[in-house]
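Biologist: I'm new to this one. Can you put it on screen and walk me through it?

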Amino acid sequence: MEQNGEKEVRRLIIGVMSSDIKQETIDESGAAKHRDDTGSSFICPKADQVIVGRMHLGDENGKTTYKYGALSFLNDGNKEYEFKLSDVLYSEYYKESGSSFNIGEGYMEGTLIVGREHIGDENGQTRYAYKKLYAKAKKDKEWTLCKLYPQMQGECTTKESSGLWAEKLEVIERGTKGPEETCYYPMYGRSHEGDENGKTTTYFACMQL
């Protein structure tokens, strides 16, 4: 339901609220050439957190900043439901230039990104840490794999070295009389073309039962 451009959420939708957002900056290590070298990596520090934003400034020796936070139901009225994230899983290693993760034919239902490791420059290797999201009614025994919520889904394309945020967010109302708050869409996919001056597209979506 739209009111004055703001979305009122009444469904079983899961995202990250602005009050839970944290931020961390890491130094990239373009000198690393092999997996046993010291590369650069980030993973959400807590088990209930996912990545919701990424910004990179400079070349392979620049800085990358991540936004992340704990998942929650966007409607405060969903007390009879619960959700959980799986243990952390890892993708294979991809050559960074021309790489894509969890989009198109490679899409995996219920997958959210919780970390990334990169070694070297655009010819180096990248892999992703991810988790599967499940939800159910508390009275039920079986967990159901969550799906993308099409009405709260989008992508952000930036020049990799630009220092611009890749993120998707919007103002929602938490229930019929709930306060307005900004919701961040979790990150579920990413692709990159070329070197640090190439195009990076990051994919975001809230999830639904």
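**A surface patch, then the inside**

Modeller: Ile43, Val88 and Tyr90 make a nonpolar surface patch of about 240 Å². Like charges are joined within 9 Å, and nonpolar side chains (Val, Leu, Ile, Met, Phe, Trp, Tyr) within 5 Å. Areas come from the Shrake-Rupley method with a 1.4 Å probe, and for residues only the protein chains shown count as cover.

Biologist: What kind of model is this?

Modeller: This is a predicted model: local features need pLDDT of at least 70, side-chain atom pairs count only at pLDDT 80 or more, and totals for chains, interfaces and linings use all residues. Residues are numbered from 1 along each chain as its sequence is written, and side-chain values use heavy atoms, without hydrogens and water.

Biologist: Why does Val88 count as partly exposed?

Modeller: Because its relative accessibility is 32%. Buried means under 20%, exposed over 50%, partly exposed in between (1.4 Å probe, protein chains only).

Biologist: And Thr202, buried or exposed?

Modeller: Buried, because its relative accessibility is 1%. Thr202 lies in strand E21 (residues 199-208). Leaving out residues up to four places away in sequence, Thr202 touches Gly154, Glu155, Cys156, Ala166, Met187, Gly189 and Arg190. Contact means heavy atoms within 4.5 Å.

Biologist: How many helices and strands in the protein chain?

Modeller: There are 0 helices and 21 strands. Of the 209 residues, 51% are buried.

Biologist: Which strands form an open sheet?

Modeller: Four do, in the order E4-E7-E6-E17, with antiparallel pairing. The edge strands are E4 (22-27) and E17 (166-167), each pairing on one side only. Two strands pair if DSSP finds at least two bridges between them.

Biologist: How many bridges join E4 and E7?

Modeller: E4 and E7 (residues 63-70) pair over 6 bridges. Glu24 has Tyr66 in E7 as its bridge partner.

Biologist: Which residues touch the most other members of the largest nonpolar core?

Modeller: Val50, Leu71, Leu74, Leu133 and Met152, out of 44 residues. A nonpolar core is a set of buried Ala, Val, Leu, Ile, Met, Phe, Trp, Tyr and Cys residues joined through side-chain atoms within 4.5 Å. Beyond its neighbours within four places in sequence, Leu133 has contacts including Ile14, Leu71, Phe83 and Met207.

Definitions and conventions. Helix = DSSP H or I, 4+ residues; strand = E, 2+ residues; numbered from the N terminus. Patch = residues over 30% accessible without salt bridge, like charges linked within 9 Å, V, L, I, M, F, W, Y side chains within 5 Å. Salt bridge = Lys/Arg side-chain N within 4 Å of Asp/Glu carboxyl O.
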